[in-house]
Amino acid sequence: MGKVALVLVSHSHALGVGLVELAKAMAADVHIRAAAGTDDGRLGTSFDLVETAVQEALVVSDGAGVVLLTDLGSATLTVDTVLEFADDPDALRFVPGPLVEGAVAAAVTAQQGGDLDAVEASVKEAALQWCEKDSVDQGGAVPGTESAEAVIADAAGLHARPAAMLAQLVTGFDAQVYVNGTPADSMIEIMGLGARQGDKVTITAKGAQAAEAMQAVADAITIGFDTDGTN
């Protein structure tokens, strides 16, 4: 079985292509396809483009399934129609949510091997965080058994690809890890910190592997996740 594939349905071809580029930067092994604009490139959506993208994604996903995300209302109507005519609707999952944040969260979760339920949950989490982002504590410290400070080396700060790689790193430890009080396993929340290159951040961790996790995160932030210069 392959990885869950994504189909991003937007009214704008340019928006769809750009979003695929962004999501693929953090999920190189995930099939992500835009079905954006009309058949002749105007603003709008196309049943045929969405259906073709879905069929292609189903083949590439090799049984893992396909998650669809949309931008505006009529795009959702188009997706609903495609799902209505689908031969295997159980392999498809439409998840309402913010298109950009949802696509990035879904891509990272799929890259990490998440199934349809996990990818759907990541989009819903992104939606929740998007709604509540003004209430996120960006400077607080969560009580933990271990703590350390690190200066961010990545040129992009803790944004996009470094945030995704941080989230992936901490999943390998039996510990809860926080950066400036924000859960390190949530790429969206880490990106929401707005932490830049040169900023000093506080890492706290608790759990059976708290010390190891904290050190691994501190080292990675200090050295830099994105050593090839991409973000």
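Predicted model: local features only at pLDDT ≥ 70, side-chain atom pairs only at ≥ 80, totals over all residues.
**Packing of α2 with α3**

- On the α2 side the contact is formed by F47, V50, E51 and V54, and on the α3 side by T78, V79, T81 and V82.
- Sorted by class, the residues in the contact of α2 with α3 comprise 5 nonpolar, 2 polar and 1 charged.

**Packing of α6 with α8**

- Helix α6 (residues 161-170) and helix α8 (residues 210-223) have axes that come within 10 Å and cross at roughly 160°.
- Since angles over 145 degrees count as roughly antiparallel, α6 and α8 are therefore roughly antiparallel to each other.
- The handedness of the crossing between α6 and α8 is right-handed.
- From α6, the residues L166, L169 and V170 meet A216, V217 and A220 from α8.
- The contact of α6 with α8 consists of 6 nonpolar residues, with no polar and no charged ones.

**Packing of α1 with α4**

- Helix α1, which covers residues 13-24, packs with α4 at an angle of about 35°, and the two axes are 9 Å apart.
- Helix α4 covers residues 99-111.
- The crossing in which α1 passes α4 is right-handed.
- Helix α1 contributes L15, L19, L22 and A23 to the contact, while α4 contributes L99, V100, A103, V104 and A107.
- By class, the contact between α1 and α4 holds 9 nonpolar residues and no polar or charged ones.

**The second largest pocket**

- The volume of the second largest pocket is about 240 Å³.
- Its lining is made of 14 residues, and those nearest the centre of the pocket are T109, E125, D185, S186 and M187.
- Helix α5 gives the most to the lining of the second largest pocket, with 4 residues.
- The lining residues of this pocket divide into 6 nonpolar, 6 polar and 2 charged.

- Residue D62 is not a glycine, yet its phi is positive, near 55°.
- D62 is placed in the loop between α2 and β3, the latter element covering residues 66-70.
- N180, likewise a residue that is not a glycine, has a positive phi of about 50°.
- The position of N180 is in the loop that runs between β6 (176-179) and β7 (182-183).

Note on methods: Residues numbered from 1 in each chain as written. Heavy atoms only, no water. Contact = heavy atoms within 4.5 Å. Helix = DSSP H or I, 4+ residues; strand = E, 2+ residues; numbered from the N terminus. Nonpolar A, V, L, I, M, F, W, Y, C, P; charged D, E, K, R; others polar. 1 Å grid on protein atoms, 1.4 Å probe; cavity = no way out; pocket = protein on both sides within 12 Å on 5 of 7 lines; lining within 4 Å. Points joined across faces, edges and corners; volume = space filled by probe spheres on them. Axes fitted to C-alpha atoms, helices over the stretch in contact; angles between N-to-C directions. Parallel < 35°, antiparallel > 145°, perpendicular 65-115°, else oblique. Left-handed = near helix turned anticlockwise from the far one by under 90°.
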